[in-house]
Amino acid sequence: MIALTLSHITSVLGGTLRLAGTDTPETVVDGTVDTDSREIGPGGIFVAKPGETTDGHVFVGAAVAAGAALAIVERPVDADVSQIVVPDAVTALADLAREVVAIVRAEEDLRIVGITGSNGKTTTKNMLARILESQGETVAPRASFNNEVGAPLTMLRVRRSTRFLVSEFGASGPGEIARLAGLVEPDIAVVLMVGMAHAGGFGGIEATFHAKSELVRALRTGGLAVLNADDPRVRDMAPIAAERSGTVRWFGQTPEADVRAEGIEVTASGTRFTLTADGQTLPVTLHVLGAHHVMNALAAVAAATALGVTVADCVAGLESLELAERWRMQPLGSERVRIINDAYNASPDSMTAALRTLAQMTAPGERMVAVLGAMSELGEYAGEEHDRIGELAVRLRIPRIVVIGAEARRMFISAISEGSWSDEAVFFPDADQAYDYLMTELRDGDRVLVKSSNSAGLRFLGDRLGESFS
């Protein structure tokens, strides 16, 4: 974090300062801010956030032992460290992030990009960050730091030397993106797609549209909206950008898009396509698996070129990225048995894309195996969406469909109803039983997709299979 005095931080948070040791209100702190005491180092700022299963106040002592110079707390704690007592630690975290970004933006050359969408946020964030890193100091979220805690923690990593801040905004309900994006008012708002992810929390696809459009509404006046030309709901966000006196830059596969892709070819080692942007046409080879990541790459290029990055530098950045993120289309195993571990997150759209990628990357003489778990946060749509995925797996002629967990059982039933006979589709109540089956079933030439939401835990099954066949 940038250097600020204890009195300045206290004023921003509207809290009460309790000094310790030799500290005074004018003592300066500039360490890393975190809610995890294990991540605190010398001079750090520990935010004691109450949690669902534990309370951050319990770990203030551990943070002090690790070198914390300040604790932001909701009640005073018996620890030898200066403390700012606030009504709500999460609100305080957001207020501090807003202040830090505002100071740097006012005094330095900081450009801010916000990214949202039902799928692809983390991959797009990583692609854009990789491109921008070659142009100047770039701050981007670790993993999927995109919620009410993760997004402000990312913003607080901004320093006066930071040139680009890439923020990823997720949400499980209306208003969350508005609150998070409102902390920084991005110069560029990237909207990838409006799909069924989290539809249960939003209350349907139209409510999801309104929630994702909150990022465009949060644009800085005169900013740029980078929108998916292939998604009709995202296209409908263009008038919202106009309300902010903003402009629109389109990406997609349609010929009218400002940044577009043609000739997409998916293989087991990556995806090739031809990129057209700013009047230039260049070949691109993504090492990140899956045709669906081409759209994420286009979004990253559209944002980066708007920030002055050349198309050639964009391509170099994209091609240097070996993996989108752990557990996201992550290749494991060996050429003998290839495991694709994509079980960090799942929605109907991402499940469909992953299954199609499996079909596209499996060569003649090789066998497709789909290991599938539940998709979460679909609410009343869960049953029909699980049915649809089971049917799709059969229609893609996947000869081995392994469904795991009671919440995913409808995939298995729908696969059987669609025509998956004998032992082509099997069901197991847990991952251990599925692992035992797969260890006897998998053979040379198999290409195995492991796909589920994070809550299903199949990412660990994917890791286990990867180790077994490495």
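What follows is a conversation about how some terms apply to this predicted model.

Visitor: How many aromatic pairs are there, and what makes Phe 412 and Phe 427 one of them?

Guide: A search of the whole structure finds 4 aromatic pairs. The rings of Phe 412 and Phe 427 are 6.0 Å apart, centre to centre, and ring centres have to lie within 6.5 Å, so the two count as a pair.

Visitor: Why is the pair of Phe 412 and Phe 427 called tilted?

Guide: The angle between the planes is 35°. Stacked needs under 30 degrees and edge-to-face needs over 60, so this pair falls into the rest, which is called tilted.

Visitor: Which parts of the chain does that pair tie together?

Guide: Phe 412 belongs to helix H16 (residues 409-418) and Phe 427 to strand S21 (residues 425-428), so the pair links parts that are 15 residues apart in sequence.

Visitor: What makes Phe 412 buried?

Guide: Its relative accessible area is 17%.

Visitor: How do you know that the charged end of Arg 409 sits over a ring, and which ring is it?

Guide: The ring is that of Phe 427, and the charged end of Arg 409 is 4.6 Å from its centre. The distance cut-off is 6 Å, so that part of the test is passed; the direction must also lie within 35 degrees of the ring normal. Likewise, the charged end of Arg 464 sits over the ring of Tyr 435, 3.7 Å from its centre.

Visitor: Turning to the sheet, what is its strand order, and what makes S17 and S21 edge strands?

Guide: The open sheet has 6 strands in the order S17-S18-S22-S19-S20-S21, with mixed pairing. Strand S17 (330-333) and S21 each pair on one side only, and they are the edge strands. From one strand to the next, the twist averages 20°.

Visitor: How do you know that S18 and S22 pair?

Guide: Strand S18 (residues 337-342) and strand S22 (residues 446-451) are joined by 6 bridges and run parallel. Pairing requires at least two bridges, so these strands qualify. Ile 340, for example, has Leu 449 in S22 as its bridge partner.

Visitor: Which helices pack on the sheet?

Guide: Helix H14 (residues 348-361) is one of them, touching S18, strand S19 (367-372) and S22, and its direction makes about 175° with that of S22. Helix H18 (residues 458-468) also packs there, touching S17, S18, S19, strand S20 (400-404) and S22. The buried residues of H18 include Leu 458, Leu 461 and Leu 465.

Visitor: Thr 123 and Gly 365: buried or exposed?

Guide: Thr 123, in helix H4 (residues 121-133), has a relative accessibility of 3%, which is under 20%, so Thr 123 counts as buried. Leaving aside neighbours within four places in sequence, Thr 123 contacts His 293, Asn 296, Ala 324 and Arg 328. Gly 365, in the loop between H14 and S19, has 84%, which is over 50%, so Gly 365 counts as exposed.

Terms used: Residues are numbered from 1 along each chain as its sequence is written. This is a predicted model: local features need pLDDT of at least 70, side-chain atom pairs count only at pLDDT 80 or more; totals for chains, interfaces and linings use all residues. Side-chain values use heavy atoms; hydrogens and water are left out. Helices (H or I, at least four residues) and strands (E, at least two) are DSSP runs, numbered from the N terminus. Buried means under 20% relative accessible area, exposed over 50%, partly exposed in between (1.4 Å probe, protein chains only). Axes are lines fitted to C-alpha atoms, for helices over the stretch in contact, and angles run from 0 to 180 degrees between N-to-C directions. Contact means heavy atoms within 4.5 Å.
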